[in-house]
Amino acid sequence: ALKDLAKFPIGMEVSAANQERSIFNYPSQLPTIEKHFNSLVAGVIMKMSFLHPNENEFFYTDADKLNAYAIDHNMLLHGHTLIWHWDSQIPPWMKKYTGDWSAMLNNHVTQICTHFAGKVSSWDVVNEALDESDPSGFRQSIFYQRIGKKYIENAFVAARKADPNAVLYYNEYNIESSDTKLNLLLTMLDDFKSRNIPVDGVGFQMHLDLFNPSIDQIKRSFKAVADRGYKIRISELDMPVNYNSTLVLSDAVAQQQKERYKSIVKAYLDSVPESQRTGITFWGLVDGESWYNFIGLPAKEWPLLFNDDYSPKPAFYGVAEALAGK
Ligand code: G3I
């Protein structure tokens with residue numbers, strides 16, 4: 001089992017809303033999840049619009065159910081995510097909010113972290129706040145527009161206060177592939193460190209492909225963050241491979257995917273000191289359920305470790321070999 005090969009949590013993203021793909025409505029996936037993983041993250045139901053549907057209403061039923069499942073199976077539950085700009089995941093009331101935005105977001109973070117204190121071991125406190133194509137370096141999200149960049153540090157301070165034991169992450173994509181974006185991250189982290197803003201770690205999402213970025217670049221990026229003492233999670237690993245829109249995954253491409261997965265896990269092991277390795281989470285279990293297959297691509301994608309019948313793909317063995325030091 002994957003989780004037995006690693007000294008850090010091996011996670012996966014699950015669907016847990018009251019919908020078809022939910023782990024609760026779709027039990028055939030449970031044996032594979034329980035065998036290989038010891039950490040879970042909700043793909044959708046712990047985002048802003050789900051947990052905080054109205055200004056004075058928080059909705060915890062689905063997340064609590066997922067949490068109970070995780071506890072029953074000795075799994076960690078990682079919280080994703082307290083603040084994220086994604087339009088459909090910002091509750092409509094919030095978009096229209098005209099009061100004190102700092103106080104409102106502070107309450108959002110405080111209420112949720114308080115509810116999950118002692119249950120959720122770690123949080124993506126802020127997700128995807130940087131934008132290397134904007135002159136400010138920050139994404140022009142509604143939070144940035146209303147509050148300025150201070151919303152980021154405010155969220156970490158509020159989260160730490162509400163749950164002093166939770167490990168707090170800043171989560172981002174492309175920091176392993178864009179030096180410009182990595183530098184924005186490092187500048188922000190250094191500033192936070194100098195002012196004791198409580199960031200414990202960085203989540204590298206790593207929605208990768210077969211070729212870019214290079215393994216060297218990935219290692220350099222991990223190392224730059226690790227050298228500053230942060231914990232590092234690979235937080236959303238997956239890897240689409242169907243460049244030619246073929247109908248079946250060929251053996252040759254499946255092997256390429258295996259080698260790429262293997263070298264990425266090795267890069268993590270090589271460049272992050274053991275005490276700072278806090279996990280690898282795969283963004284889904286079987287290919288057919290990957291988010292890439294719900295965004296209107298011309299052909300099916302195969303980004304994950306398992307076939308739709310739960311049989312392990314070569315990619316699975318690539319990860320297992322790297323974890324086993326082979
Ligand atoms: O389940 C409903 C279905 O009942 C409904 O008919 C359908 C109509 O749109 O929507 C379905 O819900 C979708 C849900 O995924 C299903 O899991 C939502 O529309 C869709 O927006 C949602 O997408 C999620 C997306 O974040 C937005 O929240 C993806 O599953 C999830 O994989 C993706 O994850 C993000 C990370 O949070 C941040 N990093 C990038 C990553 C991939 O985009």
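Guide: Happy to. Keep in mind that this is a predicted model. Its largest nonpolar core has 85 residues, and Leu40, Leu82, Trp123, Val125, Ala155, Ala159 and Val319 are those with the most contacts inside it.

Visitor: Which helix gives the most to this core?

Guide: That is H8, with six residues.

Visitor: Okay, and which residues of H8 are buried?

Guide: Tyr151, Ile152, Asn154, Ala155, Phe156, Ala158 and Ala159 are the buried ones. Their cover includes strands E3 (76–84), E4 (122–127) and E5 (167–172), along with helices H6 (101–116) and H7 (142–147).

Visitor: What is Ala155 in contact with, leaving aside its neighbours within four places in sequence?

Guide: Ala155 touches Leu82, Ile83, Leu105, Val109, Val125 and Val126.

Visitor: Back to the helices. At what angle do H6 and H8 pack?

Guide: The angle is about 35°, and their axes are 8 Å apart. Their crossing is right-handed. From H6, the contact uses Ser102, Leu105, Asn106, Val109, Thr110, Cys113 and Thr114; H8 brings Tyr151, Asn154, Ala155, Ala158, Ala159 and Ala162.

Visitor: How many charged residues are in that contact of H6 with H8?

Guide: There are no charged residues; eight are nonpolar and five are polar.

Visitor: Last one: what should the 13 residues of H8 span?

Guide: H8 covers residues 150–162, and at 1.5 Å a residue it should span 18 Å. The C-alpha atoms at its ends are 18 Å apart, so the two values agree.

Terms used. Residues numbered from 1 in each chain as written. Predicted model: local features only at pLDDT ≥ 70, side-chain atom pairs only at ≥ 80, totals over all residues. Helix = DSSP H or I, 4+ residues; strand = E, 2+ residues; numbered from the N terminus. Expected span 1.5 Å × (residues − 1). Buried ≥ 20, exposed ≤ 12 C-beta atoms within 10 Å, placed from the backbone. Contact = placed C-beta atoms within 7 Å. Core = buried A, V, L, I, M, F, W, Y, C linked by C-beta atoms within 7 Å. Axes fitted to C-alpha atoms, helices over the stretch in contact; angles between N-to-C directions. Left-handed = near helix turned anticlockwise from the far one by under 90°. Nonpolar A, V, L, I, M, F, W, Y, C, P; charged D, E, K, R; others polar.
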